[in-house]
Amino acid sequence: MEYKVLCEYYEKLEKESSKIEKTKILAKLFSQCSAEDLERVVFLVQGIVYPKYTQLELGIATQLMIRAMSKAYGLSEEKIEEEFAKLGDLGLVAEKLSKNKKQATLFKKSLMVEKVFEELRKLPLLSGEGSQEKKIMTIYHLLLIAEPKEAKYLVRTILGELRIGVAEGLIRDAIVEAFLPSKEEAAEAVDYAWSILSDFSLVAKIAKEKGIEGLKSVKIEIGRPIQVMLGEKAESIEEVVKEYGEVAAEWKYDGMRTIIMKKADKIWLFTRRQEDVTKQFPDLVELCKKGIKVDECVIEGETIAVDPKTNTPMAFQVLSQRIHRKYDIEKMVEKIPVQIHLFDIIYLNGEMLISKPLIERRKILESAIEVIPGKFELAKQLITKDVKKIEEFYNEALNAKQEGLMLKVLNSPYRFGRHVGGWYKIKPTMENLDLVIVGATWGEGARANWLTSFELAVRDPDTGNFLRCGMMSTGLTEEEYEMMTELLKPLIIQEKGKEVKVRPKIVVEVKYQEIQKSPNYESGYALRFPAFVRLREDKGPEDVDTINRLIELYKSQGKAG
Ligand code: AMP
């Protein structure tokens, strides 16, 4: 397929706001692709070139792009920056400048999707000495042959800024519409395969070639991360017990969700965001080798940090220092030891266990492992319908500095994906929100080098867009202001006076006093007195609270309407 054709679709998708129409456009695009192009196109409409879990992202820094554009269009970097300030979007700048470029018409050779995809795939792999120059040359070569519209979308894609409003739900619906009989069963089959493969391009390929049955028979591949099951927030213990009777109450540990995959003597560790943290936790790998008695399995648990002196749990922030660590890993193993509390098994020796009831999976888990006290344990569990007993258990968890309880329905199957029912969270107080930062403001006076106010946003699950809902400027220590500035600086995509817009990437947990209706933000709501609680390094923009949750919480304040 010509890249030009894909760009025409981008344009249509960008202009269209109706979800139904967008799905139709995307489905038409998918059905028009050859088998090879389909995989590439499914990546490219998401603005990515590798599955998200690989962490191989585009998102080239603005400054680097300006250098590549300066080279491609034979203009100074200052000139490009000037245009950028005028148009506010480097994609538009590239479109404008490439119109003036004579070579484009002389070349006459069409840019193909295959070529673009292969070139873009090189970018995230380049690192170390000389990589900046190589990146610039790769982008430069593409821009040289790109036509204006192609240049616009190339630049946006490379900056990680495609913004055509294509979220996961839309891709799923488009795959169904393009290749499957449009039924609920088909959407479920696509969801199922996606949850296991974590890669829509593979899912699209299976849908096209093997249909619903192909999707349904997808199995876990050891070494490839899955989309984990999550809990829903329950208002009270009574409410859950009233609905389900006897439940399995488990401590909700405040740590890192850990997916353990084992095959023979090899262990993989993934977070709930499908990040591979095997290298960061060699101590946990050793524990798994000792503690897991079966040959091949997928087990889940929560890893928490413990104080090396007192062996008592430490806050998640302490553990988070280990999650993305690239150096001094052995030192961290000593400084911040961990323990894991296992709560589920979903795959054993070639067999998917997800349809078995929770209670049965727990039994299988118990027989598949050997507890190593204080290190490799089972999550504390209490099976009862006695609300009083569950309340005592809840207090024990809170006294042990854990988050609360998970109440699990005894016969519930394991269901992949987001908050899907079967597991209910019980946590104290009004729920904090996890929000993504989309903008910030430089401080004044002594704080002029720091970003000091942060624009917060919720996610719209239908479009994948982020909708602003407040401005946070309290709750941070001096060090935290500094840390936030360091984290956000490379993500700046636009600057106007003291205000900056940043690529949505950094997630923070925020507390607040109240939610109010507000015409000032596109979410329609504003948080009153939002304050920083902590950085959520374990979450990405796709995991932040949704507009729907914000509305629910607003209503639960008793002010509906
Ligand atoms: P939340 O992050 O508030 O949506 O809560 C879901 C998270 O709770 C999961 O991703 C796990 O990391 C964590 N968790 C802690 N203990 C448990 C448990 N016993 N069962 C399930 N999840 C747990």
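In the predicted model, Cys33 is buried, with a relative accessible area of 4%. Cys469 is likewise buried, at a relative accessible area of 0%. Both values lie under 20%, the limit below which a residue counts as buried. A search of the whole structure returned 0 disulfides. Cys33 accordingly takes part in no disulfide, and the nearest cysteine sulfur, which belongs to Cys7, is 13 Å away. Because a disulfide requires two cysteine sulfur atoms within 2.5 Å, the separation of 13 Å between the sulfur atoms of Cys33 and Cys7 excludes this pair.

The protein chain is divided into three parts: domain 1 (47-158), domain 2 (232-426) and domain 3 (433-556). The centres of domain 2 and domain 3, taken over C-alpha atoms, are separated by 29 Å. Contact between these two domains involves 9 residues of domain 2 and 11 residues of domain 3. The size of an interface is often expressed as the accessible area lost when the parts come together. By this criterion, domain 2 and domain 3 bury about 1,100 Å² between them, with 39% of that area on carbon and sulfur atoms. On the side of domain 2, Arg272, Arg273 and Arg418 provide 46% of the area buried against domain 3, more than any other three residues. Charged pairs also occur across this boundary, where 3 salt bridges are counted between domain 2 and domain 3. Arg273 forms a salt bridge with Glu542, the closest N and O atoms lying 3.6 Å apart.

Within domain 3, which spans residues 433-556, strand 13 (residues 433-442) is largely enclosed by the rest of the structure, because 10 of its 10 residues are buried. Strand 13 pairs with several other strands. Its pairing with strand 14 (residues 451-459) is antiparallel and extends over 6 bridges; here Trp442 has Leu451 of strand 14 as its bridge partner. An antiparallel pairing over 4 bridges connects strand 13 with strand 18 (residues 507-511), in which Glu509 is the bridge partner of Asp434. Strand 17 (residues 499-502) also runs antiparallel to strand 13 and is joined to it by 3 bridges, and Lys501 of strand 17 stands opposite Gly439.

Leaving aside neighbours within four places in sequence, Gln494 is in contact with Gly88, Glu499, Val500 and Lys501. The C-alpha atoms of Gln494 and Thr62 are separated by 9.2 Å, although these residues are 432 residues apart along the chain. At 31% relative accessibility, Gln494 counts as partly exposed.

Side chains of opposite charge can pair when their charged atoms come close. The search of the whole structure identified 49 salt bridges. In one of them, Asp283 pairs with Arg322, the closest N and O atoms being 2.9 Å apart. This pair links distant parts of the chain, since Asp283 belongs to helix 15 (residues 282-291) and Arg322 to helix 16 (residues 316-323), 39 residues apart. Asp283 is buried, with a relative accessible area of 16%, and Arg322 is buried as well, at 1%.

A second pair is found in helix 21 (residues 547-556), where Arg549 and Glu552 are 3 residues apart and therefore separated by about one helical turn. Their salt bridge has its closest N and O atoms 2.5 Å apart. Arg549 is buried, with a relative accessible area of 14%, whereas Glu552 is partly exposed at 44%.

The side chains of Lys331 and Asp328 also meet in a salt bridge, with an N to O distance of 3.8 Å. Lys331 is exposed, with a relative accessible area of 58%, while Asp328 counts as partly exposed at 36% relative accessibility.

Conventions:
Residues numbered from 1 in each chain as written. Predicted model: local features only at pLDDT ≥ 70, side-chain atom pairs only at ≥ 80, totals over all residues. Heavy atoms only, no water. Buried < 20%, exposed > 50% of the residue type's maximum accessible area, 1.4 Å probe, protein only. Helix = DSSP H or I, 4+ residues; strand = E, 2+ residues; numbered from the N terminus. Pairing = 2+ DSSP bridges. Domains from an automatic or database assignment. Contact = heavy atoms within 4.5 Å. Buried area = accessible area lost by both parts, 1.4 Å probe. Salt bridge = Lys/Arg side-chain N within 4 Å of Asp/Glu carboxyl O.
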